Each structure stands twice: as structure tokens, then as C-alpha cells.
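Dear colleague,

I am passing on the structure below, together with some notes on what turned up in it. Please keep it open beside this email while you read.

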Amino acid sequence: MRNDSQKALANPLGTPKTLIESNSSENWNTLLGNIFGSIRAEPRGNDPFKASLAAVSIGNVDMIQCRSQPANVLHRPQDMPPGSKNDFIIKVQMQGKSVLKLRDNELPLRPGDYLICDNSQPYCLAFEEETTLISIPVAETYLRRFSPFPKDVAFLPVDSSNPIHRVSYDYLHSLWRNDVDEMSDFAKARLAETFLELAVLSIADQQKLLAPVSPGHRELYQRCCSYIDQSFADEELTPAQIADANGISLRLLQTTFAEQSTSVRQFLTARRLQEAMRILETPIYQSRSISEIAYSAGFKNLATFSRAFKEHFGKSPSEVRGR
């Protein structure tokens, strides 16, 4: 890349990594575009722009460390390349301070903080000083192994005093510091999956999104969640059909979801509402009416949809559409 240098350099976490440095915001944005597809940096202040990037792959997970002078880092869903599999990005604040700006909300991030960003939403990370982040792109299908509804854990802050958070953050440090190249592919894949599971678990635990599921029902619960995720648009879908499709009794299905402090119907409704919100917030669907969106998400009745939407999100569909 013109005006950039590539060399081995020690990073603040430990082991040297191959580092790409850039003294040009134009070249830096080209590099970010090639990696993330939808991220662009706008420098803040009058100082000469400097940024650097280091990366390591562990199994199917890429960990990308970006260090930048003050800048606004913009994510625009419309810039995502067709067929992109990076549905989410885990952002881990390593050094410096930044502010996540999502719609009308602002969330300050300090060293040790992290959150899961939903790439279907536009957002901005404002670096207030020289900042180092580790970004981990993750496909929704991959993240769903650890959370049935990944969007439920997106953009939620984690208190650094949360003990699971401390474990996951220390675990990430250890992964980055140590040389994983000599490990088997199976070992690397499991190590990466363990970090993702810890990251999602710390958020879900703090937000009380998940309750314990008995070991014998965990796989069954995940399988039924996946089936609902594929079939929720069918307005005739019932708990009995879900149980039959998974080869279990209706009673066992209800017991499995009750262990998760929910019911099958509540879970199905929440999934339909999430789909409706996704469509409402996606610019290319602005021409679709609210009734069309309700029916495409699996609701039979517009009034029922509007009432459930307001109860779930605190805003009506028309308020979301008009903001």
C-alpha cells in the first residue's frame, strides 16, 4: 500500500505481530474497506494522521488490532459488500477512550470495555484520543451458537466489575500474547470459540437475558431456537408444530423453554418483532408499509403487531420509521 510500511513490531499486549502502518487517511480507509467493507475513518484535529493495524487468525476467528489517532470511525450498512458474512463485530477497547454513538444514544468505552456491534445498524465510534481496539468480525450463524438471538446482546455495555467479563477479557489478552501457530487447527478453533462464548455469556448474564438450562436440554433448546429462526415468518406456526418438527412432545418443548424463563410463544413473538425492527431500520425497505412488514414477520393482525411492538421496544413502528 503506498505510503504505508509493514514490519514486525511489539504491540501493547505482548507478542510481536506483523504490523501495517499508515500516514494517510485515504490509504487507511482503503485498508479498512478491504477488511471490514463498511468502515471509514474521519480524522479529528489538525495533527498528522497516523494509524496501524495488526492481525492474527485463531481457527475461524480473525482478531484485528487497530490503533489510531483521534478520529470518527463510521460504520454504514449500505457500504457492506454483497454476500458479506461479517454480520457482527466484537469491539474490545484496549487503550484510550472512545464513545459509541448509536442513533440518539452515546456509550463511553474505557480500556477493558467491549460490546458486540450489529452491522445491520449504522453507528459511529468517536476516538477522543489515541485509541487501540481489537475488532473480531463474526457471522450471525456462528454467533448464534452462543446466543439464540445475537441481536439481543448487541450494543449492550458490560460492567468491568462483572466477573465473567474479567475472565473473558483476560482470556483475550492471553490469546493475543501467545503464539498459536504451533497449535493444531482443532485446538485453535476451540480456543476462539471459548472466547466468543465467554464474551456473549458475560453480556447475557449481566443483562439477565439467559437463565440456566439443564445439560440434557441445552442442545434441544438450541435446535428448537434454530428451527424457530428459520420458520417464524409462517403465521400458522404453532408450538405443537415446532415440537413435531423436532421429534419431541409438546410438554418437553414447553419445559425446555420454561427453564429459560420464557415460553415458546413469547420466544416466537420476540423473534418476529426483531425481524420487524430489522426491516423498519433498513433504508432499502423504506417503501414497504408497516402492515407489509408485520405480515412478512409472521403476524396475522396489524393491531396485535403494533401493540406487541410498542410493549417490546417502547416505541411504535411508526415512531421508529419516522425518526
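Before the helices are described, one term needs care: a crossing is left-handed if the near helix is turned anticlockwise from the far one by less than a right angle, and right-handed if clockwise. This is a predicted model, in which local features need pLDDT of at least 70 and side-chain atom pairs count only at pLDDT 80 or more, while totals for chains, interfaces and linings use all residues. Residues are numbered from 1 along each chain as its sequence is written, and side-chain values use heavy atoms, with hydrogens and water left out.

The crossing of H3 and H4 is left-handed; helices here are DSSP runs (H or I, at least four residues), numbered from the N terminus. The axes of H3 (residues 163–177) and H4 come within 8 Å and cross at roughly 155 degrees, where axes are lines fitted to C-alpha atoms over the stretch in contact, and angles run from 0 to 180 degrees between N-to-C directions. H3 and H4 are therefore roughly antiparallel to each other, a label given to angles over 145 degrees.

For burial, the terms are buried (under 20% relative accessible area), exposed (over 50%) and partly exposed in between, with a 1.4 Å probe and protein chains only. Glu-193 counts as buried because its relative accessibility is 19%, whereas Arg-190, at 46%, counts as partly exposed.

Another salt bridge joins Arg-271 and Asp-229, with 2.4 Å from N to O. Arg-271 lies in helix H8 (residues 264–280) and Asp-229 in helix H5 (residues 215–231), so this pair ties together parts that are 42 residues apart in sequence. Both Arg-271 and Asp-229 are buried.

Finally, Lys-300 and Glu-236 form a salt bridge whose closest N and O atoms are 3.4 Å apart. Lys-300 counts as exposed because its relative accessibility is 53%, while Glu-236, at 43%, counts as partly exposed.

Best wishes

Definitions and conventions:
A salt bridge is a side-chain nitrogen of Lys or Arg within 4 Å of a carboxyl oxygen of Asp or Glu. Helices (H or I, at least four residues) and strands (E, at least two) are DSSP runs, numbered from the N terminus. Angles under 35 degrees count as roughly parallel, over 145 as roughly antiparallel, 65 to 115 as roughly perpendicular and the rest as oblique.
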